Amino acid sequence: MFGETSAGELVADSITAWFGTHKVLDRVSLTMETGKVTALIGPSGCGKSTFLRILNRMHEMVPSASLSGEVRLDGSDLYERSQRLTWARRQVGMIFQKPNPFPAMSIYENTIAALNLTGVRANREQKDQLVEDSLRKASLWDEVKDRLEQPGGGLSGGQQQRLCIARALAVAPRVLLMDEPCSALDPTSTRRVEETIAQLRGQMTIVIVTHNMQQAARVSDECAFFLAAQNTPGVIVEHGDTGAMFNNPQDERTFDYVNGRFG
Ligand SMILES: Nc1ncnc2c1ncn2[C@@H]1O[C@H](COP(=O)(O)OP(=O)(O)OP(=O)(O)O)[C@@H](O)[C@H]1O
């Protein structure tokens, strides 16, 4: 059935990453549990975005980039040689900091744009249903249902970001990665995106990079705190239940970071 999701467990196992000879992550392991929201937090430059991009094989698009370690989705190695890139991208969707709908393409066509890329065929009726379902899941349907043929670029920034979420949802990913999805949005749009995350929780596994500690506390079940000490690659200092990470962190550096003492 189109648009139906089932969450998957994502396991990063001993990930080391380089840009050229610059090692930016060192043996990072993290289990992102099925249907939960995991927030990646930590100061600028500690490798959160690099780690996130490794989770859907975007890191390898950078010419100088390399990595070692494994990423497994429900036990299947995302980087296995015979595994197709489109398969990986279909299972693991990505939302970027800056909303990136196709500006001249209609809201309708934007929503199902990834279907063609992933080789899924659908008739008009199936597409109509998928557009409605995806826009509903992204909490955008009521605002755009009467102007689906208008360009995606005509929406507000917050609506564009929810359109990008709808576009990602249309191919039924098992994991949704979000790289600071609200940092370009106003507080009202941020709240709408956070509400959308809350509604999607359980239906798919979500991994979100955020610099906003209140946001991490509001939206996530688990947190992973990344840190790169001076001139050393990023590592995970602490990972666990979000409540515990904020109220009773085990590592002094986590305490200092979540309380805004650095970064
Ligand atoms: N395309 C690239 N080429 C070379 N070095 C890069 C590239 N992208 C990131 N880096 C380097 O990798 C390290 C980790 O960067 P990354 O963007 O993953 O950190 P981050 O924790 O997400 O930072 P921020 O919170 O500022 O987005 C940094 O030293 C950065 O300069």
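A: Here is a look at one pair of helices.

This is a predicted model, where local features need pLDDT of at least 70, side-chain atom pairs count only at pLDDT 80 or more, and totals for chains, interfaces and linings use all residues. Residues are numbered from 1 along each chain as its sequence is written.

Two packed helices are described by the angle between their axes and the distance between the axes. The pair here is H7, residues 157-169, and H8, residues 187-200. Helices are DSSP runs of H or I, at least four residues, numbered from the N terminus. The axes of H7 and H8 come within 9 Å and cross at roughly 20°. Axes are lines fitted to C-alpha atoms over the stretch in contact, and angles run from 0 to 180 degrees between N-to-C directions. H7 and H8 are therefore roughly parallel, a term for angles under 35 degrees. The crossing of H7 past H8 is right-handed: the near helix is turned clockwise from the far one by less than a right angle.

On the H7 side, the contact uses Gly157, Gly158, Gln161, Arg162 and Ile165. H8 brings Ser189, Arg192, Val193 and Thr196. Contact requires C-beta atoms, placed from the backbone, within 7 Å. By class, the contact of H7 with H8 has two nonpolar, five polar and two charged residues. Gly counts as polar here, and Arg as charged.

UniProt, in an unreviewed entry, lists residues 10-258 as "domain: ABC transporter". That span is 36% helix and 26% strand.

How values were computed:
Helices (H or I, at least four residues) and strands (E, at least two) are DSSP runs, numbered from the N terminus. Angles under 35 degrees count as roughly parallel, over 145 as roughly antiparallel, 65 to 115 as roughly perpendicular and the rest as oblique. Two residues are in contact if their C-beta atoms, placed from the backbone, lie within 7 Å. UniProt positions are given in the numbering used here, feature names are shortened, and annotations may be inferred rather than shown by experiment.
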